[in-house]
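Q: Please take a close look at one part of this protein, the nonpolar patch on its surface, and explain it with care for someone new to structures.

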Amino acid sequence: MEDAIYTRYRWFILVSLCVVQAVAVMALVCPATIIGEISGTMGIDMGMVTQITMVVVQIFVGVSAFLGGWIVDRLGAYRVWTGCSILLIIGTLLIPVIGNSVWGMLIVRLLHGFGAGAIMTTAPVVAAQWFPPRERGIVIGFQGATVPMGAIISLNLIPIMFRITEDWQLAMMSLVVFFTLMLILSLVVAIGPKPPVKDAGLCLDYPASCTRDIKVAFKVPATWAALLCGLWFSWVVRIFNDVITNYLAVAPPVGAGLGPAGAGGMMSVVNVIFTVTAIASGFILEKICRGRLRGLVILGFILAAVFWFSIKFPAVYSNVTILSASMFIGAFGIALTSPLIMTFFAKNYPEEIMGKLGGLIVVFNQAGIFVGIASGSLALSMTERYDGVIYLMSAGAFMGFLSAFLLKKPGIFSLERA
């Protein structure tokens with residue numbers, strides 16, 4: 001029986017995957033709550049500090065993910081975890097030494113970005129190596145839901161440490177404790193039991209078959225469809241997170257008129273729906289939809305496109321019940337899509353190219369974030385209304401809906417996949 005090769009140790013691997021990726025996210029968001037303090041000591045405005053600490057790091061993440069995907073396929077995910085942990089530790093320890101200058105902070109954020117980006121590529125390969133196909137969607141959904149916990153911890157811990165130390169550099173450096181624990185966990189996994197997929201002889205000889213399979217993957221429309229779905233997901237969610245809260249708060253006819261408290265409450269429920277849906281996505285895929293992934297992704301995107309577009313109409317935003325239903329149904333839909341895209345790769349592609357594919361997912365996601373930020377900000381600046389922003393957000397979801405039609409299981413690899 002195929003499942004017999006998958007031991008209970010895989011659940012420890014799942015916990016390790018969630019912890020490692022959550023801690024990596026802690027590094028990316030750690031300056032967000034102390035931009036003002038950094039600005040005061042560096043002697044530059046907060047906009048420039050934001051660019052240096054929060055925007056440029058996304059470029060480093062994208063580059064790291066692209067390069068890291070190839071490294072994962074050569075060295076393995078767990079060695080990459082170890083190396084990235086070391087980069088995060090070095091970058092964080094350098095903060096009190098060079099972090100008070102622009103170039104110094106750029107070096108720190110480069111190390112943070114390169115440390116986090118490669119880690120983000122590893123979820124598909126870990127799922128493919130350690131879990132049977134019917135569990136891979138559950139694994140990726142659970143991992144995707146727990147990773148934001150890293151951001152939540154970091155955003156709350158750094159202000160607390162700043163109040164204790166009265167020094168933003170020491171506050172940021174306190175994260176080195178988490179990165180050290182991450183290193184220890186990475187070493188334990190790296191020297192522990194080997195993945196059962198490799199032990200079962202399911203991996204092809206590297207690099208000849210790897211080169212062949214990645215070329216095949218790039219010729220399959222489903223590969224590009226999945227990557228584009230990732231881009232459109234990031235486009236939609238970034239515009240939603242950056243702009244829609246304020247749209248809900250401001251008075252009509254510009255916004256929905258809920259006020260700051262009402263908007264914050266509704267967005268809190270939306271975030272809960274995001275988390276619960278991501279966790280449940282794998283169960284929905286396997287238990288309800290019987291593995292029919294394409295239809296579920298199509299449904300997710302079209303729900304977001306239709307229901308989030310509807311919030312611009314007075315008949316919707318003037319009725320809190322209808323507005324809430326539209327917001328929550330759209331959130332449920334879009335939250336389904338991202339973990340299912342990762343699952344599509346984990347279930348249908350050879351394990352030895354999973355790192356490259358994971359890296360490309362992150363790169364396309366980063367591209368969606370940048371384009372979403374730029375287009376949403378431009379639309380709001382040009383019109384001083386939210387209609388154009390909502391059009392762009394819904395258009396991204398509709399493009400994801402169209403792209404998802406090409407998510408057909410490829411059956412042309414030299415290794416048969418479930």
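A: In this predicted model, Ile59, Val63, Phe66, Leu67, Trp70, Ile71, Leu75, Phe370 and Val371 make a nonpolar surface patch of about 750 Å². A patch joins nonpolar side chains (Val, Leu, Ile, Met, Phe, Trp, Tyr) within 5 Å, taking residues with over 30% relative accessible area and no salt bridge, where a salt bridge is a side-chain nitrogen of Lys or Arg within 4 Å of a carboxyl oxygen of Asp or Glu; the areas come from the Shrake-Rupley method with a 1.4 Å probe. Two or more residues are given to the patch by helix H3 (46-75) and by helix H19 (354-383), helices being DSSP runs (H or I) of at least four residues, numbered from the N terminus. The largest share, seven residues, comes from H3. Phe66 lies in helix H3 and is partly exposed, because its relative accessible area is 40%, between the limits for buried (under 20%) and exposed (over 50%).

H3 also meets another helix, since the buried residues of H2 pack against H3, helix H6 (102-119) and helix H10 (168-173), in contacts that mean heavy atoms within 4.5 Å. In helix H2 (residues 35-42) those buried residues are Ile35, Ile38, Ser39 and Met42. Seen down the axis of H2, they fall within an arc of 100°, so they line one face of the helix, the arc being that of the directions from the axis to the C-beta atoms.

As for confidence, the mean pLDDT (the predictor's confidence in each residue, from 0 to 100) is 86, and 94% of residues reach 70 or more. Residues are numbered from 1 along each chain as its sequence is written, and side-chain values use heavy atoms, leaving out hydrogens and water. Local features need pLDDT of at least 70, side-chain atom pairs count only at pLDDT 80 or more, and totals for chains, interfaces and linings use all residues.

Technical notes: Patches are made of residues with over 30% relative accessible area and no salt bridge: like charges are joined within 9 Å, nonpolar side chains (Val, Leu, Ile, Met, Phe, Trp, Tyr) within 5 Å. Buried means under 20% relative accessible area, exposed over 50%, partly exposed in between (1.4 Å probe, protein chains only).
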